[in-house]
Amino acid sequence: MTRWARFVSKAGLLSAGLICAVMASHAGPALATPVLAFEATGVSEANSRIPPVPPRKPRPEDVIEQVLAEAHGLQVAVDAGLRQDLLTLARNIYFEARGENLKGQIAVAFVTLNRVKSTYWPDSIDEVVYQPYQFSWTLHPTSIVDFEAFKKAARVGLLSLSGHLTDPTGGADHYYAPELVETPRWAHRLTKLAEIDGHVFFTASARAN
């Protein structure tokens with residue numbers, strides 16, 4: 001091998017060694033950046049193909065908890081019984097009167113409560129509301145879709161249950177909506193007490209306590 005060949009060979013080895021040394025000394029930063037960039041790009045591209053998770057639809061029970069949490073000054077004993085009573089009463093107000101004004105919703109709440117107090121009706125809100133053929137919505141149960149309206153109904157229910165409202169019907173235990181249904185036969189036998197918004201209210205005076 002000539003001197004030049006030996007030099008080139010030696011230079012080549014030195015160059016190779018130098019490149020290896022540089023790569024070794026900079027392996028972390030030099031290689032990490034492209035890898036991380038690639039990984040980040042890959043994750044971003046993957047995420048773009050994943051449809052966004054829709055927000056969880058609220059439950060009626062969640063709304064009841066919100067209303068109870070807001071009611072610090074009402075001094076009511078919050079327990080499982082109150083939660084269930086309020087949930088059922090709010091449902092009844094919502095489905096029977098969510099299109100009514102505030103007084104109309106309070107009136108529906110008190111018809112429910114007046115029945116609970118009467119000896120002629122079941123003695124719990126659940127039993128009164130779900131008694132067959134008493135409240136039309138229970139015949140064809142549907143879902144709550146307007147949770148702001150349901151929250152309003154829950155507030156009305158809580159204020160009615162806790163004694164912070166007075167009965168605008170004067171003790172009614174029946175009502176009907178003349179714009180929606182024909183006058184029921186029982187209306188001719190009962191005493192009319194009030195007309196509030198879209199409902200007419202009656203009491204079964206012959207059976208009243």
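User: How do the axes of helix α4 and helix α5 cross, and within what distance do they come?

Analyst: The general idea goes like this: a packed helix pair is described by the angle between the two axes and the distance between them. Here, α4 (residues 80-97) and α5 (residues 102-117) have axes that come within 9 Å and cross at roughly 130 degrees. That makes α4 oblique to α5, since angles under 35 degrees count as roughly parallel, over 145 as roughly antiparallel, 65 to 115 as roughly perpendicular, and the rest as oblique. An axis is a line fitted to C-alpha atoms, for helices over the stretch in contact, with angles running from 0 to 180 degrees between N-to-C directions.

A word on what you're looking at: this is a predicted model, where local features need pLDDT of at least 70 and side-chain atom pairs count only at pLDDT 80 or more, while totals for chains, interfaces and linings use all residues. Residues are numbered from 1 along each chain as its sequence is written, and side-chain values use heavy atoms, leaving out hydrogens and water.

User: Which residues in α4 meet α5?

Analyst: On the α4 side, they're L89, N92, I93, E96 and A97. Their counterparts in α5 are G104, Q105, V108, A109, T112 and L113. Contact means heavy atoms within 4.5 Å.

User: Now the strands. In what order do they form the sheet?

Analyst: In general, strands of a sheet pair through backbone hydrogen bonds, either parallel or antiparallel. In this model three strands form an open sheet in the order β1-β3-β2, with antiparallel pairing. β1 (174-176) and β2 are the edge strands, each pairing on one side only. From one strand to the next, the twist averages 25 degrees. Two strands count as paired if DSSP finds at least two bridges between them.

User: How many bridges join β2 to β3, and what lies between them?

Analyst: Five bridges join β2 (residues 191-196) to β3 (residues 199-203).

Definitions and conventions
Helix = DSSP H or I, 4+ residues; strand = E, 2+ residues; numbered from the N terminus.
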